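Please look through the sequence and the coordinates before reading on.

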Amino acid sequence: MEKRVVVTGLGVASSIGIGKDAFWESVISGKSGISELTLFDTSAHNTHVAGEIRNFDPNKFLKSKRDRFFGRASLMGLVAANLAIEDSQIDIVSLQKNRTCVFMGTTMGEIQAMEKLNHDWVKLGLKDPGNFSIYRSLAYNISSLISLELKLTGRNRIFTTACSSGNYAISYGSDLLKSGKADMVLAGGSDAISWISFTGFNKVGATAPEKCQPFDKNRKGMIPAEGAGVLVLETLEGAKKRKAKIYAEILGCGFSCDAHHMTQPSVEGITKCISNALNESRISPDDVDYICAHGTGTLQNDNAECSAIKNVFGDRKIPVSSIKSMIGHTMGAATAIAAVACCKAVEYDIIPPTINFETADPSCDIDCVPNVARKKKLNIVLNNGLAFGGNNACLVIKKFIK
């Protein structure tokens, strides 16, 4: 029989808080982490705000100083991993002795480091930018640094399926645990704001000038952001053996590829993804109590996601909210951070709000939990990830009942 997989540790770095408690308090209070971007000059751009983690200092959370050798995304991922392990109260020696795997998702990798390398090498004309500059730019550092820092010798892998990467990493880790091929897994995602991604979204007119308004009739686009989220996963048997606190259970994950367009979502593809998640988890649409939406705040994405939800759930007004309204779009970290929010939601029976909601849109005829968090008994929640390239992943998370 397949083993049951549970979540026993949560770590997060976001523009509204570092650490699960600070993050969750901000989420349920509807705090916005959107501010003027300071990491680079935006004077040539049409918009100037982002979900930046202001004054991010990884050394406040790490025992060894790694900031000289690694990029921002890797350091955020390591901070989130350390916080998740601390939260799980697992003995580091046990992690090292067991088959502990590390799986992380990302969209842009360490593109910030690559940008600096380009600036120093090309624009400043440096003949030798140094080995560290080249090493920092490698995307696989995001997962490898965690294994290096914690001396974990199990499987290590980076997923680059854009905005659904975190769900891919969590699902892959869950599958290994279910099949008995791993003992513990650190899984999540991390992405840092970069000039190239910010510029790209600006060029195509996808960014909002001030705020992200998912499902609102007058929404103007997404807000680029950064962050990291990591979950500690283990089998129910292992968690009970060490008397760990259990946040939630991972029931399954559904996937699909739109095979339609690189950037325009397909209602059919999203519908298939959600349906696959329900089938994989052996549940029906009536079993779902809440959907943590992809909800980017762009016209096409929100319309397509809402249409797919209606396809699966019919006229039932299931609560659907987007935490991107608060933290912006954290790319490869988006579904990992959302998974943290889902675990806290089922723990406390509170649905995060969609803030900045002002005017209902007939094309998004859903209950988007406008502006104020809502108390509701939650048993099963869905975590939607709808990525460029039509890479969709829907994670199913269930309240753990002893």
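Does Lys344 count as buried or exposed? At 1% relative accessibility, Lys344 counts as buried, where buried means under 20% relative accessible area, exposed means over 50%, and partly exposed lies in between, with a 1.4 Å probe and protein chains only. The model is predicted, and for that reason local features need pLDDT of at least 70 and side-chain atom pairs count only at pLDDT 80 or more, while totals for chains, interfaces and linings use all residues. Residues are numbered from 1 along each chain as its sequence is written, and side-chain values use heavy atoms, with hydrogens and water left out.

Charged pairs come first. Side chains of opposite charge can pair when their charged atoms come close. Over the whole structure, a search finds 19 salt bridges, a salt bridge being a side-chain nitrogen of Lys or Arg within 4 Å of a carboxyl oxygen of Asp or Glu. One of them joins the side chains of Asp21 and Lys344, at 4.0 Å from N to O. Asp21 lies in helix 1 (residues 20–28) and Lys344 in helix 13, so this pair ties together parts that are 323 residues apart in sequence; helices (H or I, at least four residues) and strands (E, at least two) are DSSP runs, numbered from the N terminus. Whereas Lys344 is buried, Asp21 is partly exposed, with a relative accessible area of 40%.

A salt bridge also links the side chains of Glu226 and Arg72, with 2.7 Å from N to O. Because Glu226 belongs to the loop between helix 8 (195–203) and strand 8 (227–235), and Arg72 to helix 2 (residues 72–88), the pair ties together parts that are 154 residues apart in sequence. Both Glu226 and Arg72 are buried. Arg219 counts as buried at 9% relative accessibility, and Asp302 is buried with a relative accessible area of 0%. Salt bridges that share partners, moreover, join Lys20, Asp21, Asp87, Lys245, Lys344 and Glu347 into one network.

The nonpolar interior is next. A nonpolar core is taken here as a set of buried Ala, Val, Leu, Ile, Met, Phe, Trp, Tyr and Cys residues joined through side-chain atoms within 4.5 Å. The largest such core has 49 residues, of which Phe23, Leu231, Leu233 and Ile397 touch the most other members. Its largest share, 9 residues, comes from helix 13 (residues 334–348). A second, separate core of 30 residues includes Ala13, Leu78, Ile142 and Leu152.

Which residues surround Ile397, leaving aside its neighbours within four places in sequence? Its contacts, meaning heavy atoms within 4.5 Å, include Ala248, Ile250, Ala339, Cys342 and Val381. Ile250 lies in strand 9 (residues 248–257) and counts as buried at 2% relative accessibility. Not counting residues up to four places away in sequence, Ile250 touches residues including Val5, Val7, Ile170, Leu233 and Ile397.

His329 lies in the loop between helix 12 (324–327) and helix 13, and is buried with a relative accessible area of 5%. The side chain of His329 reaches the backbone nitrogen of Met331 at 3.1 Å. Among the residues that His329 touches, apart from those up to four places away in sequence, are Cys163, Met222, Pro224, His294 and Thr296.

In helix 8, Ser197, Phe198, Thr199, Phe201 and Asn202 are buried, and what covers the buried residues of this helix includes strand 4 (49–50). Gly205, whose phi is positive, near 70°, follows helix 8. Met104, found in strand 5 (residues 100–105), is buried with a relative accessible area of 0%. Although Met104 and Ser165 are 61 residues apart in sequence, they are 7.6 Å apart in space, C-alpha to C-alpha.

On the surface, Trp121, Val122 and Ile134 form a nonpolar patch with about 310 Å² of accessible area together. Patches are made of residues with over 30% relative accessible area and no salt bridge, with like charges joined within 9 Å and nonpolar side chains (Val, Leu, Ile, Met, Phe, Trp, Tyr) within 5 Å; accessible areas come from the Shrake-Rupley method with a 1.4 Å probe, and for residues only the protein chains shown count as cover. Ile134 lies in helix 5 (residues 131–136) and, at 39% relative accessibility, counts as partly exposed.

Conventions: Polar contact = N/O pair within 3.5 Å; in protein donor to acceptor, adjacent residues only side chain to side chain.
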